[in-house]
Amino acid sequence: MSEQLTLSAEARDRAGKGASRALRREGRVPAVIYGNNEEPQSIHVEEKLLNKLLGTGHFFNSVVMVEVNGKAVRTLPKDVAFHPVSDRPLHADFLRVSEHATVTVAVPVRFDNEDASPGLKKGGVLNIVRHEIELVVDASEIPDDVVVDLKGFEVGDSIHISSVTLPKGAKTAIDDRDFTIATIVAPSALKSAEGDSETETPAEGE
């Protein structure tokens with residue numbers, strides 16, 4: 001299960017672009033906590049701490065306890081806007097959630113037992129279609145990942161969500177089709193696909 005993260009914050013009294021720019025100059029990131037039938041709350045957090053949590057790799061599928069003026073608020077990170085050039089965080093959105101609220105989160109896919117896949121042992125290549133799967137889960141039971149067992153899969157096989165054992169209590173947000181997570185393709189199929197994309201060598205003078 002994803003660990004619970006903590007982020008200290010301060011209430012933000014002033015809104016607007018000017019106030020936000022001033023905060024960023026001080027190494028702070030403006031943010032907002034919203035949802036759960038309560039008024040949105042404007043806050044600001046330390047940029048270094050936010051970057052540290054972003055660097056965990058599971059920030060967006062973890063519960064983050066945002067501590068505002070000594071009071072902890074249970075949230076789920078929903079969005080972080082980044083500067084297009086410097087890649088510094090510019091703004092963050094946090095959704096309030098109760099302890100056992102049902103939430104939708106994107107959970108990373110992990111592939112196991114590659115050595116037990118006949119297709120891969122023959123030189124086939126794992127072509128990943130979905131690196132993440134959106135799950136509907138209890139906020140206190142968000143899994144770290146969805147494990148896909150590759151045992152027995154041959155070249156040409158497609159791995160669908162129906163063949164995956166989901167974490168206890170979780171279901172997929174897409175429930176109207178048996179979507180593909182990955183396929184095992186022959187190396188020759190990859191080569192021919194690459195060859196198709198190559199243009200003919202132009203004649204001299206063109």
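Biologist: In what sense do β5 and β6 pair, and over how many bridges?

Modeller: This is a predicted model, and in it β5 and β6 pair in the antiparallel sense over seven bridges. Within that pairing, leucine 76 has leucine 95 in β6 as its bridge partner.

Biologist: How many residues lie between β5 and β6 in the hairpin?

Modeller: There are six residues between them. Aspartate 87, in the turn, has a positive phi of about 65°.

Biologist: And β2 with β6, parallel or antiparallel?

Modeller: Those two pair in the parallel sense, over four bridges. Isoleucine 33 stands opposite phenylalanine 94 in β6.

Biologist: Let us turn to α2. Which of its residues are buried?

Modeller: In helix α2 (residues 47-54), the buried residues are Glu47, Leu50, Leu53 and Leu54. Viewed down the axis of α2, they fall within an arc of 125°, so they line one face of the helix. An α-helix has 3.6 residues a turn, so residues three or four places apart point the same way.

Biologist: Which exposed residues does the face turned away from the buried side carry?

Modeller: That face of α2 carries Lys48 and Lys52, both exposed.

Biologist: What covers the buried residues of α2?

Modeller: The cover includes the strands β1 (5-11), β2 (28-35), β3 (38-46), β4 (64-68), β5 (71-82) and β6 (89-96).

Biologist: Now the open sheet of four strands. What is the strand order there?

Modeller: The order is β10-β7-β9-β12, with mixed pairing. The edge strands, β10 (146-149) and β12 (171-172), each pair on one side only.

Biologist: How many bridges join β7 to β9?

Modeller: Strand β7 (residues 102-112) and strand β9 (residues 132-138) run antiparallel and are joined by seven bridges. Valine 103 stands opposite valine 137 in β9.

Biologist: What else is valine 103 in contact with, beyond its neighbours within four places in sequence?

Modeller: Besides Val137, the contacts of valine 103 are Leu76, Val97, Leu135, Val136, Ala139 and Ile142.

Biologist: Which residues have the most contacts inside the largest nonpolar core?

Modeller: They are Val103, Phe111, Ile133, Val148 and Ile181, in a core of 29 residues. At least two residues of this core come from each of β7, β9, β10 and β13 (180-185). The largest share, five residues, is supplied by β7. A second, separate core has 19 residues, among them Ala9, Ile43, Leu50 and Phe59.

Biologist: Which elements have the lowest and the highest mean pLDDT?

Modeller: Helix α4 (residues 187-197) has the lowest, at 57, and strand β11 (residues 158-160) the highest, at 96. Over residues 197-203 the pLDDT is below 50, and this stretch has zero contacts in the model beyond near neighbours in sequence. Where pLDDT is low, the predicted coordinates should not be read in detail.

Biologist: And what is the average for the protein chain?

Modeller: The average pLDDT is 87, and 87% of the residues score at least 70.

Definitions and conventions
Residues numbered from 1 in each chain as written. Predicted model: local features only at pLDDT ≥ 70, side-chain atom pairs only at ≥ 80, totals over all residues. Heavy atoms only, no water. Buried < 20%, exposed > 50% of the residue type's maximum accessible area, 1.4 Å probe, protein only. Arc of directions from axis to C-beta. Contact = heavy atoms within 4.5 Å. pLDDT = per-residue confidence, 0-100. Pairing = 2+ DSSP bridges. Core = buried A, V, L, I, M, F, W, Y, C linked by side-chain atoms within 4.5 Å.
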